[in-house]
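Open the model in your viewer and keep the selection panel at hand. The stops below go one selection at a time.

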Amino acid sequence: MFLIFGSGRVAREIAKKLDDYLLIVEDRSLAEKLEREGFKAVWVDPEDLINLPLNLPLKDSTVILASNLSRNLKIAEIVKGIARDVIAVGEKPEACSIYSEMGISKVCGTAIAATVLSEVSELKRRYVEVKIDRYNEGQNLKDLDLGDFCTILSVIRDGKLMKPHPELRLKKGDILGVLCGREVRYTKHPFEEVFVVLTEEKNSEKLLKEVELFKSKFQSHVLFMHKIGDTLACTTAEPENPNPVGLDEAIRIVKEFRVKPDLIISDVGKKDDSLLEETTSIAPLLIAKGKNAYEKILTIVNTADPYDLLNAAVSLGISCKCKILFLDVSQLSLLSKFTETPGLEIKVSKGNQVIDAVKEARSDYDLILVSWKNDVGNIDFGILKKIIFDTQASVIVV
Amino acid sequence: MEVYDFYNIAIITSVAFASPILAERLRVPAVVVEIVAGIILGVSFLNLIKNSEWVSFLSALGLIFLMFLSGLEIDFNLLLKKENVFRPLIYLSISFSLVLLITRLLGLDFIYAILLTNVSVGIVMPTLRELKIETSNFGQVGIVTSLLTDFTTMFLLSIYVILLTTEGGILQIALPFGIFTIFILSYYLGRLAIWYFPDFMSKWFEEDPMELGVRGSIAIIIFFVGVSYFLGVEAILGAFLAGTLFSLTFRSGEVLSRKLFGIGYGFLIPIFFIQTGASTKLIFDFSAIYFIILLLLIAYTVKIFPSFVVFGDRIKALSFGILQTSKLSLTIAAVEIGFKLGLISSFEKTNIILFTILTSLLSPTLFKFYTKKYEKLID
């Protein structure tokens with residue numbers, strides 16, 4: 001269910017597009033008026049907002065904050081952590097950043113919010129077209145923040161397709177092509193939550209070097225998993241004298257708590273198939289070998305389902321030299337996704353896939369990305385493990 | 001080299017050229033046309049193809065290439081997946097146990113168990129592809145089963161030949177098995193070469209005017225064949241192991257495979273089949289017909305019965321069993337080896353070849369008919 005806080009135009013627009021919703025209105029007469037107009041609306045006492053969790057089924061609902069900034073923030077404080085999801089609709093960029101700091105999903109740009117929200121909330125459709133009305137006319141494209149899950153793919157003006165440049169000033173009647181989905185969030189914030197697992201004390205320095213790389217490049221929130229005595233501890237601050245912990249033990253805990261980090265960074269050197277399989281089923285695993293920077297990156301596309309691998313490659317490959325090695329010609333159909341990524345070199349294996357992969361992997365790369373699925377390219381797991389553990393480069397196993 | 005050698009080779013290469021064209025028109029495998037043409041042009045009828053040292057040499061090389069390419073065709077990526085192998089393994093175990101029991105009861109040599117178990121991957125795969133069911137569960141089980149059967153029967157044949165041809169003390173018997181040690185060593189050497197010299201190894205698999213890959217492959221085939229002779233093992237085992245080694249170590253490499261298949265199927269292998277046909281003496285009598293019918297009965301029984309264990313469904317089981325009865329090139333290669341070793345007589349050789357040709361025509365036709373009739377039930 002969607003609980004929409006607000007009674008204005010945006011709130012009503014959103015309500016019109018949803019089936020299972022309830023408008024929460026702080027003005028009794030306005031609530032009655034909305035009901036007469038055919039909306040499902042209820043009145044809540046503004047003085048009694050603190051009791052919202054008692055009166056509304058927040059746990060099973062997505063809360064949409066469509067009121068003004070101060071009301072939205074007040075309600076967000078109350079419902080955050082209780083409601084299934086909280087999405088705020090904002091118009092001003094500064095409001096968006098405030099929502100971001102609070103850890104609330106947001107869709108900024110009210111005129112397009114209704115359409116996007118109704119689609120995104122339940123991910124009914126991945127591609128949405130939104131018409132720009134007078135409310136967003138004159139805005140730059142960069143000022144439209146569609147939240148973490150959506151991105152603008154195209155702008156159609158007078159029937160012509162335009163490239164979505166950040167400085168593009170919108171006109172009334174422009175049609176925005178918006179793509180929504182999990183992978184969009186990943187592209188925008190690919191490594192937001194990073195877990196660090198040190199398995200051997202001597203590798204501490206190497207590991208921390210690469211943790212710093214992620215922190216500075218992706219503003220990653222890092223959680224260090226280490227041991228205090230016999231107990232496994234998780235800290236956001238870098239522990240002074242971290243005690244190593246087994247990757248298997250760390251993974252067991254991560255699984256128990258049902259959290260899904262964006263990346264696990266470890267120094268693990270054990271060629272344990274089941275451990276690698278288990279770890280990569282939770283999150284990509286970076287086996288850190290102490291690189292100071294990722295200037296040269298290689299991605300070996302050895303899976304039939306390479307979206308996660310390629311998204312990671314593109315995110316990491318921005319502002320450095322990145323080569324993508326396709327092991328199968330048929331995978332070239334995915335190429336359109338990356339044609340506009342600068343610094344990207346595409347190579348297709350023409351001879352022997354195993355030898356081509358080894359030849360590239362043994363070249364001078366700082367980082368290699370491979371998939372543990374390994375269902376394309378005929379690389380046997382023995383060679384794959386050699387690429388992962390025995391090359392100079394750090395390796396992300398997806 | 002004498003003038004008649006050129007005549008012989010000229011006739012054989014002309015037949016080899018015409019066979020695929022004719023085969024396409026007749027909708028039968030080219031191998032069938034080559035053998036039948038060989039029978040017509042050989043000792044049975046026209047006697048135009050005569051036995052000569054050169055033809056025998058090229059034919060032997062053809063057999064070596066056939067065995068090498070059969071090893072090369074084994075897709076270890078498919079075979080080494082646990083989920084793929086379980087059903088085919090059960091099927092093969094039951095089928096082979098059954099054939100062993102029947103051949104033992106009939107007092108036939110062990111080579112019959114191998115011949116009757118063997119299946120032609122070259123028929124199974126195109127038939128499944130033709131019906132567009134090769135990627136279905138049924139199709140995948142069919143392909144893996146035929147690959148596994150091919151590998152197992154050729155392996156058993158090699159071991160059997162080693163045991164038959166070696167005499168004496170433990171060392172004399174153990175020596176031929178050294179070929180497997182060399183195989184394992186070569187496999188690890190190959191992997192080391194891939195890891196430490198990828199630049200050099202990649203040249204084998206790319207378009208290269210010096211054809212390094214082809215030269216290297218032929219050197220490996222000849223090395224394995226030579227080692228086989230040295231250790232007292234049949235050359236076919238060496239060639240088969242060389243192909244398997246290639247497949248297992250490198251796993252892929254379309255460009256090089258294409259070139260090797262070109263040399264094999266474009267030149268040497270047809271010579272082997274035509275020569276096999278030419279040296280086959282046809283004798284028509286009731287005992288021959290009875291023998292062929294008996295072989296057909298056993299072949300279909302040992303392939304259809306186990307399919308009921310693997311597939312509960314009657315239609316799937318029947319069609320699966322029928323297709324797995326298709327035999328062709330490797331069966332004929334095994335017949336030739338059996339004949340050379342004195343395990344089968346000239347009469348048996350001729351009729352097993354005819355039986356093989358019959359299964360190669362009958363099984364895919366029956367399978368297609370049956371599958372089309374019950375199309376919805378297959379998947």
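Two strands pair if DSSP finds at least two bridges between them.

Some ground rules. This is a predicted model, in which local features need pLDDT of at least 70 and side-chain atom pairs count only at pLDDT 80 or more, while totals for chains, interfaces and linings use all residues. Residues are numbered from 1 along each chain as its sequence is written, chains are lettered from A and ligands numbered from 1 in the order in which they are written, and side-chain values use heavy atoms, with hydrogens and water left out.

**The sheet in chain A**

Pick A:I152; across from it in β10(A) is A:V178.

Next, β9(A). Three bridges pair it with β8(A), again in the antiparallel sense. Look for A:V155 and its bridge partner in β9(A), A:M162. Then go to the turn: β8(A) and β9(A) form a hairpin with two residues between them. A:D158, in that turn, has a positive phi of about 50°.

Show the four strands together. The order is β7-β10-β8-β9 (chain A), an open sheet with antiparallel pairing. β7 (127–131) and β9 (160–162) of chain A stand at the edges; each has a single partner strand, so one side of each is left without a neighbour in the sheet. On average, neighbouring strands are turned by 30° against each other, direction ignored. The axes are lines fitted to C-alpha atoms, with angles otherwise running from 0 to 180 degrees between N-to-C directions.

**All of chain A**

Zoom out. Chain A has 13 helices and 20 strands.

**Last stop: chain B**

Select B:L48. This residue is found in the loop between α2 (30–41) and α3 (53–72) of chain B. At 43% relative accessibility, B:L48 counts as partly exposed.

Methods: Buried means under 20% relative accessible area, exposed over 50%, partly exposed in between (1.4 Å probe, protein chains only).
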